[in-house]
Amino acid sequence: MTATAPDVTAAAARPSTASRAPAGRRRQTPLPRVALYVVLGVLALIYLYPFLINIATSFKTDADATADPLSLIPRTWTVQAYETVFFNSDFPRWFANSAVVTVVVTAGRVLFDSLAGYALARLRFPGRGVLFAGIVAVMAVPGVVLLIPKFLVLNTLGMYDGYSGLIIPLVADAAGVFIMKNFFESIPVAVEEAARIDGAGTLRLFWSVVLPMARPALVTIFILSFQGSWNELSHFIVASQDPALFTLTKGVASLASGQLGAGTQYPVRLGAAVVMTIPVAILFVLFQRRITNSASGAVKE
């Protein structure tokens with residue numbers, strides 16, 4: 001006996017046994033993925049644990065920090081370390097010096113690295129390949145090797161113990177030029193050719209056409225330059241010795257050497273380190289999603 005049309009329709013409408021499986025069973029997370037999450041969580045905790053100790057110790061008393069340095073919960077909560085940092089040391093001056101140097105150096109690197117990168121990527125001039133090879137070679141030289149030559153140059157030019165000595169040697173870097181050159185080469189030449197037909201010159205092409213398309217690379221240079229100049233120490237050591245020109249890194253290093261008196265001073269040192277970390281952390285939180293390797297626009301060749 002053949003099934004009538006309504007019977008066939010009803011049978012088709014009834015879900016199969018497999019489709020009636022409980023939703024929880026179908027969405028169950030595989031065991032390997034759970035294990036992966038556990039491993040990643042443990043690794044993240046290991047990575048963050050020293051930073052958590054840093055924050056916790058900054059709220060301890062000096063005796064508590066010495067007796068139990070690895071504890072994440074202070075026995076006695078106190079902000080004495082931060083009061084010492086802000087009101088009984090030159091920390092505000094160090095912070096101001098670091099802010100001035102970092103802002104000027106970051107702006108200079110974004111400008112000069114992009115100009116140099118565009119020139120190496122688009123302009124044809126004698127010795128371009130040799131110049132780029134020299135930039136790559138500079139990237140391979142450890143920074144500590146250049147400390148003594150830096151000191152000799154700064155001292156000879158009369159820039160030692162001055163803001164010029166702190167800032168000028170840092171306003172351009174080889175890595176930034178390398179990044180910008182490679183990014184500009186990834187932008188289609190057809191974009192510039194269309195603007196050149198409309199009468200745009202080289203600077204106009206760079207400023208109005210190519211540079212807006214290089215926003216991802218510019219953001220990368222901005223973040224790396226800010227972080228690098230804010231955390232720089234070795235260059236500031238050889239560029240000045242005047243306490244009025246101390247930056248945060250140099251000032252915190254002086255705190256670590258026991259500048260404020262006897263005792264371990266762990267809370268004071270780590271409190272200064274926590275405050276020093278805040279601007280860079282905020283910067284990464286705000287701009288982390290903008291770091292990308294793709295151009296913001298493209299044209300079909």
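Guide: Gladly! This is a predicted model, and over residues 8-13 its pLDDT stays under 50, with 1 contact beyond four places in sequence for that stretch. The pLDDT is also below 50 over residues 292-301, a stretch that has 17 contacts in the model beyond near neighbours in sequence. Where pLDDT is low, the predicted coordinates should not be read in detail.

Visitor: What does the protein chain average in pLDDT?

Guide: The average is 83, and 83% of the residues score at least 70.

Visitor: How many helices and strands does the protein chain have?

Guide: Its secondary structure comes to 16 helices and 0 strands. Of the 301 residues in the chain, 34% are buried. Among contacts with a separation of 6 or more, 72% are between residues 24 or more positions apart.

Visitor: How do I check the length of a helix, say α10?

Guide: Count 1.5 Å a residue: the 13 residues of α10 (residues 174-186) should span 18 Å, and the end C-alpha atoms are 19 Å apart, which agrees.

Visitor: Which residues of α10 are buried, and what covers them?

Guide: Start with a general idea: an α-helix has 3.6 residues a turn, so residues three or four places apart point the same way. In α10, the buried residues are Ala174, Gly176, Val177, Met180, Lys181, Phe183 and Phe184. The cover over these buried residues includes α6, α7 (128-140), α12 (202-213) and α13.

Visitor: At what angle do α6 and α13 pack?

Guide: Helix α6 (residues 91-122) and helix α13 (residues 215-230) pack at about 145 degrees, with their axes 8 Å apart. The crossing of α6 past α13 is right-handed. On the α6 side, the residues that meet α13 include Phe95, Val105 and Asp113, while those of α13 include Ile221, Phe222 and Trp230. The residues of this contact divide into 9 nonpolar, 6 polar and 2 charged.

Visitor: Now for the loops. What is the phi of Asp161?

Guide: Most residues other than glycine have a negative phi. Asp161, although not a glycine, has a positive phi of about 60 degrees. Asp161 is in the loop between α8 (147-156) and α9 (163-167). With a relative accessible area of 31%, Asp161 is partly exposed.

Visitor: Is Ser240 buried or exposed?

Guide: Ser240 is buried, at 1% relative accessibility, and sits in the loop between α14 (234-239) and α15 (248-256). Leaving aside neighbours within four places in sequence, Ser240 is in contact with Tyr160, Asp161, Leu166, Leu245 and Lys250. Ser240 and Gly165 are 75 residues apart along the chain, yet their C-alpha atoms are separated by 7.6 Å.

Visitor: And where does Ser71 lie?

Guide: Ser71 lies in the loop between α4 (62-67) and α5 (80-87). A relative accessible area of 16% makes Ser71 buried. Beyond residues up to four places away in sequence, Ser71 touches Ala56 and Lys60.

Terms used
Residues are numbered from 1 along each chain as its sequence is written. This is a predicted model: local features need pLDDT of at least 70, side-chain atom pairs count only at pLDDT 80 or more; totals for chains, interfaces and linings use all residues. Side-chain values use heavy atoms; hydrogens and water are left out. Axes are lines fitted to C-alpha atoms, for helices over the stretch in contact, and angles run from 0 to 180 degrees between N-to-C directions. Helices (H or I, at least four residues) and strands (E, at least two) are DSSP runs, numbered from the N terminus. A crossing is left-handed if the near helix is turned anticlockwise from the far one by less than a right angle, and right-handed if clockwise. Contact means heavy atoms within 4.5 Å. Ala, Val, Leu, Ile, Met, Phe, Trp, Tyr, Cys and Pro count as nonpolar, Asp, Glu, Lys and Arg as charged, and the others, Gly among them, as polar. pLDDT is the predictor's confidence in each residue, from 0 to 100. Buried means under 20% relative accessible area, exposed over 50%, partly exposed in between (1.4 Å probe, protein chains only). The expected span of a helix is 1.5 Å times one less than its number of residues.
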